[in-house]
Amino acid sequence: MRVVVVGTGHVGLLTAATLSAIGHDVVGMDEDEEKIEGLTKGISPFFEPGLSELIDKGTTAGTLRFDVAPEAVGGAEVLFICVGTPARVSGEANLVAIERSARAIARHLSGPIVVVEKSTVPAGTAQRLWRVLTLERPDLADEIEVVSNPEFLREGQAVEDSFRPGRILVGARSERGFDGMRRLYGPLIESGARLIETDIATAELAKHASNAFLAMKISYANALARLCERANADVTAVADVMGSDPRIGRAFLDAGLGWGGYCFPKDLQAFERLAARLGYDFPLLREVERINDEAIVAAVEKVKDALWNLEDKRIALLGLSFKPGTDDVRLSPALALARKLIDEGAEVVGYDPEAGANAKSDLPELVVAPGVYDALEGAHCIVVCTEWDEFRSLDLDRAKELLAHPIIVDGRNLFEPAEVRGRGFVYYGTGRASDPGMH
Ligand code: UDX
């Protein structure tokens, strides 16, 4: 099918590349000329394992191309809207980009089309989208079908999630909408992807509900971490016990610096604001956010406990991205921690396998080291902020030589306490029993 994808960010680019790889003729559109120019040369605007190869495959086969001109919409059978829906100061989702892109493409529509709302949006947005499109093009009112098809990609595993999605969720109001999406995703469905079909509002709301639940699960683990630190219990062992119950599941029970990224923070706030707008107060969601903020403060307290005054201290952060496998630092807990440590007068140096440049532009006061051992040179303590695999094999003896003090605050419970303490380090885990030797 002829597909146009509006917005070539984390969602749009994966959508365009995946659909071209399963046989569709795809145009990726973005108003950012520089981004489109780079993509035409096969340069992805962000790091995502396997994405560059997927883009190359599509552009080489001629099934994927990129364009800035809205005219490229002409002749499309399916049009995806994958533009950003950032949080306003109020917490409401900012849907200006959705409306703006709808108006920009409307005049170029040329016949029956399924317009797919893939950006994460509050329930009721598809209705708005349909009204904007049909007001711009009353002549096509019977030809325009708006459906909701929320994405469930995880950054760092997005290519994997695109080809083996846990489920494909489609919300539509007519058979024509469902039929178009069944044809579009046919190859993925044939290879086992589960297709769930609902009404539109259900699909929109289910996306917010899913992300808010995952954030809640992590915050629950972080609240348990605070409790375990007081009870001298081990939150990772508690999580293992809980997770052995299939009704709970072990995933997303890892206590640490908490959740960040472009999705959870904005989706949780947007969901809470949507509930309020619909007349339902949802305080649980505010508590999920409070516990998450508390996780950063708890890490700062550990650094202070280890170092006393932070002025004149150099602190090395291992990991700057919001999670491993990505160069994305948007609302990264590592940078939230760095800001607090800098505000307390510390010199903060960070290293990240992929996100160093993005971290530096996001937080210019941060010193970014070219390698993990460069970051440790003369540092008074290490704080593990992102659990990159590279850090699991850190040479602890070499690290001890480089550090001013052999102290590790493990913000992601990456290390085994006994092993690290056995190598002469003072070790602070997250929600883990304190050092028996410490008083
Ligand atoms: C999330 C959802 O998982 C995905 O389905 C949705 O489409 C987009 O938002 P993503 O934001 O890419 O994906 O990352 P995810 O792997 O969910 O992690 C989000 C944050 O939670 C990261 O900061 C991660 O470090 C943190 N996290 C995750 C924890 O702190 N503990 C955990 O146990 C799991």
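A charge sits over a ring when NZ of Lys or CZ of Arg is within 6 Å of the ring centre and within 35 degrees of the ring normal.

## Charges over rings

Arginine 167 lies over the face of phenylalanine 152, at 3.6 Å from the ring centre. The charged end of arginine 173 is placed over the ring of tryptophan 130, 5.0 Å from its centre.

## About the model

What you are looking at is a predicted model, in which local features need pLDDT of at least 70 and side-chain atom pairs count only at pLDDT 80 or more, while totals for chains, interfaces and linings use all residues. Residues are numbered from 1 along each chain as its sequence is written, and side-chain values use heavy atoms, with hydrogens and water left out.

## Around the ligand

Let's visit the ligand next.

Which side chains have a polar atom 3.2 Å from an oxygen atom of the ligand? Glutamate 151 has an N or O atom at that distance from a ligand oxygen, and arginine 412 places a polar side-chain atom 3.2 Å from one. For lysine 207, the distance from a polar side-chain atom to a ligand oxygen is 3.0 Å. On its own the ligand has 660 Å² of accessible area, and the protein covers 93% of it (areas come from the Shrake-Rupley method with a 1.4 Å probe).

Arginine 226 is found in helix H9. Is arginine 226 buried or exposed? With 9% relative accessibility, it counts as buried (buried means under 20% relative accessible area, exposed over 50%, and partly exposed in between, with a 1.4 Å probe and protein chains only).

## Aromatic pairs

The whole structure holds 4 aromatic pairs. Rings of Phe, Tyr and Trp (its six-membered ring) pair if their centres lie within 6.5 Å; planes under 30 degrees apart count as stacked, over 60 as edge-to-face and the rest as tilted. The ring centres of phenylalanine 252 and phenylalanine 264 are 6.4 Å apart and their planes are at 50°, so this pair is tilted. Phenylalanine 252 lies in the loop between helix H10 (235-243) and helix H11 (264-277), whereas phenylalanine 264 is in helix H11, so the pair ties together parts that are 12 residues apart in sequence.

Phenylalanine 252 is partly exposed at 31% relative accessibility, and phenylalanine 264 is buried at 13%. Elsewhere, ring pairs link Phe271, Tyr280 and Phe282 into a cluster.

## Positive phi angles

Phenylalanine 252 also has a positive phi, near 65°, in a residue other than glycine. Leucine 331, which is not a glycine either, has a positive phi of about 50°. The place of leucine 331 is in the loop between strand S9 (314-318) and helix H13 (333-343), and at 57% relative accessibility leucine 331 counts as exposed.

Technical notes. Helices (H or I, at least four residues) and strands (E, at least two) are DSSP runs, numbered from the N terminus. A polar contact is a pair of N or O atoms within 3.5 Å; within protein, one must be able to donate a hydrogen and the other to accept it, and residues adjacent in sequence count only if both atoms are side-chain atoms.
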